[in-house]
Every structure is written in C-alpha cells, then in structure tokens.
Amino acid sequence: MTTTTSRNTTYRVHLFARYAELLGHSAIEIQLSEGATGLDLVGGLRVLPGGDLLPAAPFLAVNLCHVPLSTRLNPSDEIALLPPMAGG
Amino acid sequence: MSMGHIQTEPLDAMAIRNRVASPEFGGLVVFEGVVRDHHKGKGVTRLVYTSYDAMAESMCAELVAEGEHRWPVKLAVVHRVGDIPVGETAIVVVAAAAHRGAAFEACRWLLDSVKSKVPIWKREYYSDGTTDWVDPTHG
C-alpha cells in the first residue's frame, strides 16, 4: 500500500501482528518530509483507515534495533512498528 | 546453528541442552515454556506465534552474547513460531555454568529479556471460539 500526501520522501514501514491487522497491510509506504522522525511516522499512520487505533507511542525498530520515536528516519532504513512483545 | 534461534519445527529441549553442556559445567538449567490450556479464566486451545524474523534472530543472538558477558555461563535460547497446540513447547532456554547460582540467574534473565525485547507475538485461540492477541501491557 502506498499513501501519498503533500510531503516528499517515501518511507516503507513494516507492520506486524495486531498493527498489521489494524491497517490491513504488513507493509505500508508513506510520504513524509525529509528527516522525519518515528513520531512523524506514527502520526502519518494514525490518520490512515484503521490507524486511529494505533497507540501514540508504539515501539519502533530501525535496521533491526529498538530505537526511540525521536529517531530521524532515512528512506533506506528498514523501519518497523512493533506491538508489545509477547514471546515466551 | 546459532545459540539464539527462531524455528517453526517442534523444539527438542534435550538437543538444545546438549549444545551447551560441557564437562566444565556442574550446573545446567533448562527452562521450557509450554502452551497451557487457560489464560485469564478462559480455555485456550492453541497459540499462534508470529515474529519479525530477522530482528528476532538477531536479538536472540545478541541477548545470548550479553548474558554470557554478564555471567560465567554458556547460554542457548530457541523460540518456536507458528501454530503450537496446548502441551507443546514454545521456548527453551538453557544456561550452563560451573555452579548453580549463575546458571539460575542467567537463565531467568535470558527468558525475561526474550519476553520483553524480542519481536515475537502470540494470538490465543479460546475454547469459546474467540481469539485475541496477547498484550502483556494490559494486565
């Protein structure tokens, strides 16, 4: 799925488990301003259909590592929003 | 095979134990997390685990390395994903050390770390026909 706004850089975000079900996709491409942060990404996703049920501060992973939502994103990053972990 | 690993096949705790056992270790703790038949008063028939595979594999390996740095132990953790029926094992954690104290501590730490940090999720299927994602942050 690709979502276009008036912004100018495309970021691809992977979604899992409940978040993938909420938004109906396991990955979404979304356009945000260059240098967008994780918080900007979450804000962009929360206005999509189903995205209003995403928490305001979900876990964010960039390039397979947990990072804070204040992290600036690069379009080449592997970005993922993670529901609360529930292994074991 | 890495000492931190994700797989869809059933888990063999003895095989995982044997990967870290050594004559130098007098204390060997093996923990198995098994799918139980109830949760919060509801009957559970099965669990379906999903994971962010690449990150989960990477994090399991990192946690094993971190634990082996913090304690004088050898560690292994293997998590099963996919459809797991009641009574079958979802995770095996093994800690081997010269003495039991470090083995118990490191085993518990590794299990708790996997549960709280590794991107794995589970959907419970209940005996009343309903289903839900497990969210440890909700009660």
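In this predicted model, A:E21 and B:R123 are joined by a salt bridge in which the closest N and O atoms lie 2.6 Å apart; the term denotes a side-chain nitrogen of Lys or Arg within 4 Å of a carboxyl oxygen of Asp or Glu. One salt bridge is found by this rule across the interface of chain B and chain A. The interface also holds eleven residue pairs in polar contact, both residues at pLDDT 80 or more (a pair of N or O atoms within 3.5 Å; within protein, one must be able to donate a hydrogen and the other to accept it, and residues adjacent in sequence count only if both atoms are side-chain atoms).

On the side of chain B that touches chain A, at least two residues each come from strand 4 (42-51), helix 2 (53-70), helix 3 (100-117) and strand 8 (120-126). Helices (H or I, at least four residues) and strands (E, at least two) are DSSP runs, numbered from the N terminus. Strand 8 of chain B gives the most to this side, with four residues.

The contact (heavy atoms within 4.5 Å) takes 17 residues from chain A and 23 residues from chain B. Between them the two chains bury about 1800 Å², 64% of it on carbon and sulfur atoms; buried area is the accessible area (1.4 Å probe) lost on putting two parts together, summed over both.

The model scores pTM 0.93 and ipTM 0.90. For chain B the mean pLDDT (the predictor's confidence in each residue, from 0 to 100) is 96, with 99% of residues reaching 70 or more.

Residues are numbered from 1 along each chain as its sequence is written, and chains are lettered from A in the order in which they are written. Local features need pLDDT of at least 70, side-chain atom pairs count only at pLDDT 80 or more, and totals for chains, interfaces and linings use all residues, while side-chain values use heavy atoms, hydrogens and water being left out.
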